[in-house]
Amino acid sequence: MTGDLSKRIASLEWDRILAELDARGFATTGSLLTTDECDNLQALYAAQDLYRSKIIMARHGFGQGEYQYFKYPLPPVIQEMREYFYPHLAGLANRWNKLMGLSQEFPQQLDDMLRRCHDAGQTRPTPLILKYQADDYNCLHQDLYGEHVFPLQAAVLLSAPGQDFGGGEFVLVEQRPRMQSKAEVVHLDKGEGVIFAVSMRPAKGSRGFYRVNLRHGVSRIRQGQRFTAGIIFHDAA
């Protein structure tokens with residue numbers, strides 16, 4: 001793909017993406033980042049001055065592997081993904097809240113969402129890069145971080161499956177009221193993203209809409225090394 005990232009994001013199949021988010025709670029973007037952009041983000045993992053904290057998953061019972069949260073200012077590619085994804089998702093987020101009987105309404109621009117977070121003491125940036133090696137995995141979880149939670153987030157695969165690593169599939173599990181849980185395995189190519197619900201979404205039943213709970217994780221890496229960029233739109237307390 002050519003052109004700057006904002007134009008690539010604007011040209012994504014947003015009608016399809018929003019419809020799939022409504023139907024399943026997740027949608028893939030298709031090709032988003034170039035190989036060079038992916039490789040450059042991977043290389044940033046060693047630049048310790050770019051990050052506010054590093055998490056070793058095993059120390060906290062999160063799985064195995066590690067990740068680092070960026071500090072402000074964010075790297076340009078991370079900032080642009082965060083900034084230009086958000087307006088396409090704000091309308092869906094507001095509709096979801098209305099269907100689920102939630103009163104919170106989200107602003108149309110990311111700056112206003114972040115201002116709301118910061119006014120409530122959620123001032124720590126949440127975009128991150130995750131690094132997995134053989135036998136690493138990420139337990140099912142939700143990225144909440146505080147009172148103000150934007151209900152959608154994104155992850156972009158920075159490594160090539162089958163070449164850089166094996167295994168390590170992105171997994172979503174949906175917990176439905178009075179029903180058994182439903183799992184989805186999402187296959188991504190290098191530079192492709194997945195947009196998904198942070199914690200819950202509305203689903204239509206025979207008596208109207210109800211809430212379903214979602215958690216996400218990564219299955220065991222069988223070999224190689226896997227990097228992912230995570231784009232979360234609310235900041236952390």
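Predicted model: local features only at pLDDT ≥ 70, side-chain atom pairs only at ≥ 80, totals over all residues.
Which element gives the largest share of the lining of the largest pocket?

**Entry 1: the whole chain**
I began with the secondary structure and found six helices and 14 strands in the protein chain. Next I looked up the radius of gyration, which is 17 Å. The globule rule gives 18 Å for 237 residues, so the chain is as compact as a globular protein of that length. I also noted that the C-alpha trace spans about 50 × 40 × 40 Å along its principal axes.

**Entry 2: the pocket**
Back to my question. The largest pocket has a volume of about 400 Å³. I found 29 residues lining the pocket, and Leu130, Asn138, His141, Asp143 and His216 are the closest to its centre. Several strands give two or more residues to this lining, among them β5 (128-133), β6 (137-141) and β13 (208-218). The largest share comes from β14, with five residues. By type, I noted 19 nonpolar, eight polar and two charged residues in the lining.

**Entry 3: two helices together**
Then I turned to helix α2 (residues 14-24) and helix α5 (residues 76-99), which pack at an angle of about 35 degrees with their axes 11 Å apart. Their crossing is right-handed. From α2, the contact uses Trp14, Leu18, Leu21 and Asp22. On the α5 side I wrote down Phe85, His88, Leu89, Leu92, Arg95 and Trp96. This contact divides into seven nonpolar residues, one polar and two charged.

Definitions and conventions. Residues numbered from 1 in each chain as written. Heavy atoms only, no water. 1 Å grid on protein atoms, 1.4 Å probe; cavity = no way out; pocket = protein on both sides within 12 Å on 5 of 7 lines; lining within 4 Å. Points joined across faces, edges and corners; volume = space filled by probe spheres on them. Helix = DSSP H or I, 4+ residues; strand = E, 2+ residues; numbered from the N terminus. Nonpolar A, V, L, I, M, F, W, Y, C, P; charged D, E, K, R; others polar. Axes fitted to C-alpha atoms, helices over the stretch in contact; angles between N-to-C directions. Left-handed = near helix turned anticlockwise from the far one by under 90°. Contact = heavy atoms within 4.5 Å. Rg over C-alpha atoms; globule rule 2.2 N^0.38 Å.
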